[in-house]
Protein chains: 2
Amino acid sequence: MSNPAPYTDGQRTLIAESSLRMLAADVLRSAGLSQPDADSVANVLVLADLFGISTHGVSRVPQYLNRVRLGGIRIDGQTSIEHLAPSLIRVDADNSMGPLAAQRALDAAMNCARQTGVAVAFVRRANHFGSIMPYLYLASEQGFASIIGSNATATVAPWGARSAKLGNSPLGIGVPNPGGDPVMLDIAMSTVARAKIREAAAQGSDIPDTWATDREGNPTTDPSVALDGFLQLIGGHKGYGLAVMIDMLAGVLSGASYLTRVGAWDKSPELSQDLGHFFILIDTAALIGPAELKRRVSDFAAILRSAEPLDDNTPIALPGEREMASYHRQLAEGISLMTRDVAALQELAGVRTES
Amino acid sequence: MSNPAPYTDGQRTLIAESSLRMLAADVLRSAGLSQPDADSVANVLVLADLFGISTHGVSRVPQYLNRVRLGGIRIDGQTSIEHLAPSLIRVDADNSMGPLAAQRALDAAMNCARQTGVAVAFVRRANHFGSIMPYLYLASEQGFASIIGSNATATVAPWGARSAKLGNSPLGIGVPNPGGDPVMLDIAMSTVARAKIREAAAQGSDIPDTWATDREGNPTTDPSVALDGFLQLIGGHKGYGLAVMIDMLAGVLSGASYLTRVGAWDKSPELSQDLGHFFILIDTAALIGPAELKRRVSDFAAILRSAEPLDDNTPIALPGEREMASYHRQLAEGISLMTRDVAALQELAGVRTES
């Protein structure tokens, strides 16, 4: 994951975590966020970069700021938090920057769950909040198990259909491991990301017929046909069902938009998206306590790792293990990013400084 | 779904819902459950039959009672409920009958969520609780959205491995639709159920290479080789990740057993399973209210159904729609069951009556 780069030109830059955090926060602050808010957004994005999820890291900053410039995101949006019941929170993100509202919803849910053991925050009028894994990680570090989801722009076809009516919604589940690395899953419902099909197209290679269909809904092995068609969801009707239920929770219950009513940040960057999210937090300290949890997670991991591997050189991994290995390595050695992504940030920082 | 029967000998019986409910409850009561407890278990199992999920309906009663007889399930188990925090419940099922403890956990969580908006019940020392869909349905009827999961006996291999270390854990998500049918998803993490592979073997037909692997972990199209191997999980590492996280929540956090430590009801029916479950309940009345929820679910369904179908004779369906159609039809016309399953219950009822 430290070199994901489907379209790398070979030009990568190694940048210290603290420098990247400061650079991203500088750019965000000069665009109009307060220093604490800029730090909060930078924190989420740099965590994604540390995990090796650079498609959802600081490379998103120029896109976010472009939408601010076009009026699609409100840099001065005022997130409001309603406590509807002792454990139930509704957040109106006021079309503010995605990771900022998401971080506030997460914080509100954690504060609430510390009192009542469990809390759910539903978020509406939200924007793209980056990758889910940073939120799982931040929750885990505070001792919370979490289930987090968001809806997304409609790009996939319902099971048995050939029209884009449904988002490729992400779902994350995290469980803390006191003193060790949390166990964290962050997946979208498609078999693979569209980027992997673009990569195959660029290399001129076929793709498995389980990745995508053509425009008519027929499975295809031709990546260029696939790019004009639809991503296939994991397990057919099962992935379809999961994507529907995530949107029911994130969109229908939250009061946000859903399905084709969700705005598309890429096609209509000047419009608000009205995305919805949900954050379910469970305080493991109230449930089991850190020593017992640590013992059980270690035992769980040992049992999984005792499985006979298909390939002796590829040991059995737990969800999030690869990302946490990337985290530790890049925290120590620096974060590897596309040079052009770092340059874009530096340019934004420079332009702002000169103005 | 009204004729699922992979191994039907063609002999099916139509039985009225009220008669089946009474028959199952009679058998359970004569085995030692109190009348209310027998009614509670019968309710869950008959709901599964109404949904057309007859593999998890009253056909399970003889198996449950066999385990009672062998000492694997305690007919007099005393479920205890601890309120660890205002919204956090831990249930010790005391190795009682699965659906009985699960229904109690669900009730406790709903009562709690009525007060605080959200509640989670974790269950340990539990047994097979049947299908998840009845619990989703019962929650929906009371206005609760729900996320429900259980771990399961280890039968599948971790991603990249060839040893059975992980359960094919089920996950359910339900959202109420006031005045209409709830939207409900109930899936295990394998591409298909093992029964579908047995069916192909019986018919002498090949299976897709995405269903199962041989003992060495290689995908196979031969159903007899597949039956000796491992089920494949949806989306490869994604289904693996989901199965792991469900077991982390249901097993590790609940205080139950997990992975290979879970007992196998089939191989060791005389031993307790120590399964774990979780029930996450969200009171939609506190969040959005029935009128607005109904309006939004209807709009959501209309958008999905507006997708162009691959096959004009197969309209786009929402999760649980097929099961709710079966529910309404069988409630009106009678429940179609294997004659031998009804006969087995009648025999149990008769034997008990005579003794």
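The exercises below concern a predicted model with chains A and B.

**Exercise 1. How many residues of chain B are in contact with chain A, and how much area do the two chains bury between them?**

Solution. 
Step 1. Take contact to be heavy atoms within 4.5 Å. On this basis 77 residues of chain B touch 78 residues of chain A.
Step 2. Turn to area. Between them, chain B and chain A bury about 6,900 Å². Carbon and sulfur atoms carry 73% of that area.
Step 3. Look for the main contributors. K238(B), L287(B) and F300(B) supply 11% of the area that chain B buries against chain A, more than any other three residues.

**Exercise 2. What polar and charged links are counted between the two chains, and which element gives the most residues to the side of chain B that touches chain A?**

Solution. 
Step 1. Count the links. There are 4 salt bridges between chain B and chain A. Residue pairs in polar contact, both at pLDDT 80 or more, come to 29.
Step 2. Find the element. Helix 8 of chain B, residues 237-253, gives the most to this side, with 12 residues.
Step 3. Sort the side by class. The part of chain B that touches chain A has 48 nonpolar, 18 polar and 11 charged residues.
Step 4. D299(B) is found in helix 10 of chain B, residues 290-305. The side chain of D299(B) makes a polar contact with the side chain of Y258(A) at 2.5 Å. Neighbours within four places in sequence aside, D299(B) is in contact with Y258(A) and R261(A). D299(B) has a relative accessible area of 18% and is therefore buried, since buried means under 20%.

**Exercise 3. What rotation and shift superpose chain B on chain A?**

Solution. 
Step 1. Two copies of a chain are related by a rotation about an axis and a shift along it.
Step 2. Chain B is superposed on chain A by a rotation of 180° with 0.0 Å of shift along the axis, and the RMSD is 0.0 Å.
Step 3. Name the relation. This is the relation of a two-fold axis.
Step 4. Locate the axis in chain B. The C-alpha of I234(B) is the nearest to the axis in that chain, at 2.7 Å.
Step 5. Compare the two sides of the interface. The copies meet through the same surface, because 100% of the interface residues of chain B are also interface residues in chain A.

**Exercise 4. Which residues does R162(B) meet in salt bridges, and is R162(B) buried or exposed?**

Solution. 
Step 1. Look across the interface. R162(B) forms a salt bridge with E308(A), and the closest N and O atoms are 3.4 Å apart.
Step 2. Look within chain B. The side chains of E216(B) and R162(B) also meet in a salt bridge, at 2.8 Å from N to O.
Step 3. Check accessibility. R162(B), at 18% relative accessibility, counts as buried. E216(B), at 42%, counts as partly exposed.

**Exercise 5. Where in the chain are R104(B) and D37(B), and how many residues apart are they?**

Solution. 
Step 1. Identify the link. R104(B) and D37(B) form a salt bridge through their side chains, with a distance of 2.8 Å from N to O.
Step 2. Place the residues. R104(B) is in helix 4 (residues 98-116) of chain B and D37(B) is in helix 2 (residues 35-50) of chain B. The pair links distant parts of the chain, 67 residues apart.
Step 3. Classify each residue. R104(B) has a relative accessible area of 28% and is partly exposed, whereas D37(B), at 18%, is buried.

**Exercise 6. Which residues are linked with R74(A) in a network of salt bridges?**

Solution. 
Step 1. Begin with one pair. R74(A) forms a salt bridge with D76(A), with the closest N and O atoms 3.5 Å apart.
Step 2. Extend to the network. R74(A), D76(A), D92(A), D94(A) and R125(A) are linked by salt bridges.
Step 3. Check accessibility. R74(A) is partly exposed at 36%, and D76(A) is partly exposed at 46%.
Step 4. Over all chains, the structure holds 32 salt bridges.

Note on methods: Residues are numbered from 1 along each chain as its sequence is written. Chains are lettered from A and ligands numbered from 1 in the order in which they are written. This is a predicted model: local features need pLDDT of at least 70, side-chain atom pairs count only at pLDDT 80 or more; totals for chains, interfaces and linings use all residues. Side-chain values use heavy atoms; hydrogens and water are left out. Buried area is the accessible area (1.4 Å probe) that two parts lose on being put together, summed over both. A polar contact is a pair of N or O atoms within 3.5 Å; within protein, one must be able to donate a hydrogen and the other to accept it, and residues adjacent in sequence count only if both atoms are side-chain atoms. Helices (H or I, at least four residues) and strands (E, at least two) are DSSP runs, numbered from the N terminus. Ala, Val, Leu, Ile, Met, Phe, Trp, Tyr, Cys and Pro count as nonpolar, Asp, Glu, Lys and Arg as charged, and the others, Gly among them, as polar. Copies are superposed by least squares on the C-alpha atoms of residues with pLDDT of at least 70 in both. Buried means under 20% relative accessible area, exposed over 50%, partly exposed in between (1.4 Å probe, protein chains only).
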